[in-house]
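Here is a short walk through one protein chain. Keep the sequence and the 3D view open, and follow each stop in turn.

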Amino acid sequence: MRRRASLVLLALAVFCAAMAPALRWYAFPRLAKIPPNQYQETVLEAKPATLLNYSTLKAEKVEKITIIQTLKGNVEESRRIERDAGRDVVVWDALAHVTGPDGKMVSQIPERYIFDAHTQDPVHATGESVDGDPVRREGIEFKWPFLTEKRDYRYFDAQTRTSAPIHYKGTRTFRGMEVYYFEQTVPWTKVPMPKTMPVKGITPKLLADSGLTRWYTTKRMFWIEPVTGAPVNGEEIHKEELRNAKALMGRDTLTVFEGHVKMREDYIESVGEMVAANRLTVLLLVSYLPWSLTFAALLLLALALWLEARSRRPGPRPAVTPVTPPV
């Protein structure tokens with residue numbers, strides 16, 4: 001019985017030892033993925049801010065500017081691209097909708113972002129665009145990869161349509177959560193006019209024909225939860241200008257928008273709750289279960305060897321009864 005039990009324990013130890021790396025290296029890449037139908041909305045505010053009044057053509061101080069950023073998964077496009085890509089793909093139709101203090105639209109820029117569901121690497125396919133212009137992204141946007149590393153990444157900037165390093169600046173604590181802080185500064189760069197303008201009759205072509213050019217700079221800051229790669233907070237110190245405007249507006253440079261953009265408090269709290277729940281799932285696949293199975297395998301192996309040694313140990317010799325010689 002002891003030998004049979006030791007063989008069963010040995011088989012269980014081998015099973016646990018095989019499952020530990022399988023969870024980490026086989027199950028994790030296949031189970032830890034962004035769902036293709038995800039919908040997420042984030043509201044950011046700049047309070048106070050400077051905004052161009054198109055009726056007076058002057059920059060004015062305003063109480064606040066609101067930016068509503070939505071990410072909507074396009075399941076049909078994901079399935080179409082997956083057939084050719086041979087991997088799990090997510091297509092996000094994103095929209096950054098900016099409103100002034102009166103709630104009226106200031107600008108809006110749509111995007112289509114196509115990326116690998118697990119690694120977050122960009123997937124180049126028809127439809128990848130910013131404000132209707134085809135682009136070819138390099139690097140990440142919106143989300144960092146699972147198990148984010150302490151290093152610089154390439155981050156895509158939708159305004160300039162280019163990618164540049166976003167620098168790891170250290171580990172910090174944010175709302176009781178350990179996060180990695182990243183920072184990127186985009187220098188003054190000439191960027192395209194938005195295709196949707198806030199005043200009827202004013203088009204990008206009309207502005208371009210007048211000689212106006214749009215310039216932009218920003219300091220971008222992210223606090224990233226490293227296990228899930230999700231931003232738990234984001235801020236930008238943002239500034240836009242119209243240049244070569246003297247003929248039309250009496251000044252060569254005119255501020256279009258300037259402000260320190262921050263996530264609204266209620267959205268910081270909701271994102272933190274979502275990240276905390278997803279973090280536990282990822283940790284189960286990459287740490288908790290693999291290490292538990294490894295420990296169980298060692299324990300079962302030790303128990304099997306102990307039982308095997310017990311079964312091979314010789315038992316006590318039978319007592320010898322002395323024989324009385326015949327008289």
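Leu-147 is partly exposed, at 29% relative accessibility. The model is a predicted one. Find Leu-147 in the loop between strand S7 (133–134) and strand S8 (153–157). Its phi is positive, about 55 degrees, although Leu-147 is not a glycine.

Arg-161 also has a positive phi, near 65 degrees, and it too is a residue other than glycine. Arg-161 sits in the loop between S8 and strand S9 (162–174). Is Arg-161 buried or exposed? Its relative accessible area is 18%, and the cut-off for buried is under 20%, so Arg-161 counts as buried.

Now go to helix H2. Asn-74 is buried, with a relative accessible area of 17%. Beyond its neighbours within four places in sequence, Asn-74 contacts Pro-36, Val-91, Asp-93 and Arg-112.

Which residues of H2 are buried? They are Glu-77, Ser-78 and Ile-81. These residues cover an arc of only 100 degrees around the axis, so they fall on the same side of H2. The cover over the buried residues of H2 includes strand S4 (89–99) and S5. The face turned away from the buried side carries the exposed residues Glu-76, Arg-79 and Arg-83. Just after H2, Gly-86 takes a positive phi of about 70 degrees.

Next comes His-260. It lies in strand S13 (residues 253–263). His-260 is partly exposed, with a relative accessible area of 29%. Its side chain makes a polar contact of 2.9 Å with the side chain of Glu-235. Leaving out residues up to four places away in sequence, His-260 touches Glu-45, Ala-46, Lys-47, Met-221, Glu-235, Glu-236 and Ile-237. Pro-36, a contact of Asn-74, is another matter. The C-alpha atoms of His-260 and Pro-36 are separated by 32 Å, and the two residues are 224 apart along the chain.

Two of these contacts lead onward. Glu-236 and Ile-237 touch His-260, and they are also among the contacts of Thr-218. Thr-218 has its place in strand S11 (residues 213–225). It is buried, with a relative accessible area of 2%. What does its side chain meet? A polar atom of the Thr-218 side chain lies 3.3 Å from the backbone oxygen of Ile-237. Apart from neighbours within four places in sequence, the other contacts of Thr-218 include Gln-184, Thr-185, Val-186 and His-238.

Return to Lys-47, one of the residues that His-260 touches. A cis peptide bond joins Lys-47 and Pro-48, with omega about -10 degrees. Pro-48 lies in strand S1.

Strand S1 brings us to the second largest pocket. About 330 Å³ of space lies there. Of the 15 residues in its lining, Leu-51, Leu-52, Asn-53, Tyr-54 and Asp-102 are the closest to the pocket centre. Strand S1 (39–53), strand S2 (58–62) and strand S5 (105–116) are the elements that give two or more residues to the lining. S1 gives the most, with 3 residues. What is the make-up of the lining by class? It has 9 nonpolar, 3 polar and 3 charged residues.

Notes
Residues numbered from 1 in each chain as written. Predicted model: local features only at pLDDT ≥ 70, side-chain atom pairs only at ≥ 80, totals over all residues. Heavy atoms only, no water. 1 Å grid on protein atoms, 1.4 Å probe; cavity = no way out; pocket = protein on both sides within 12 Å on 5 of 7 lines; lining within 4 Å. Points joined across faces, edges and corners; volume = space filled by probe spheres on them. Helix = DSSP H or I, 4+ residues; strand = E, 2+ residues; numbered from the N terminus. Nonpolar A, V, L, I, M, F, W, Y, C, P; charged D, E, K, R; others polar. Buried < 20%, exposed > 50% of the residue type's maximum accessible area, 1.4 Å probe, protein only. Contact = heavy atoms within 4.5 Å. Polar contact = N/O pair within 3.5 Å; in protein donor to acceptor, adjacent residues only side chain to side chain. Arc of directions from axis to C-beta.
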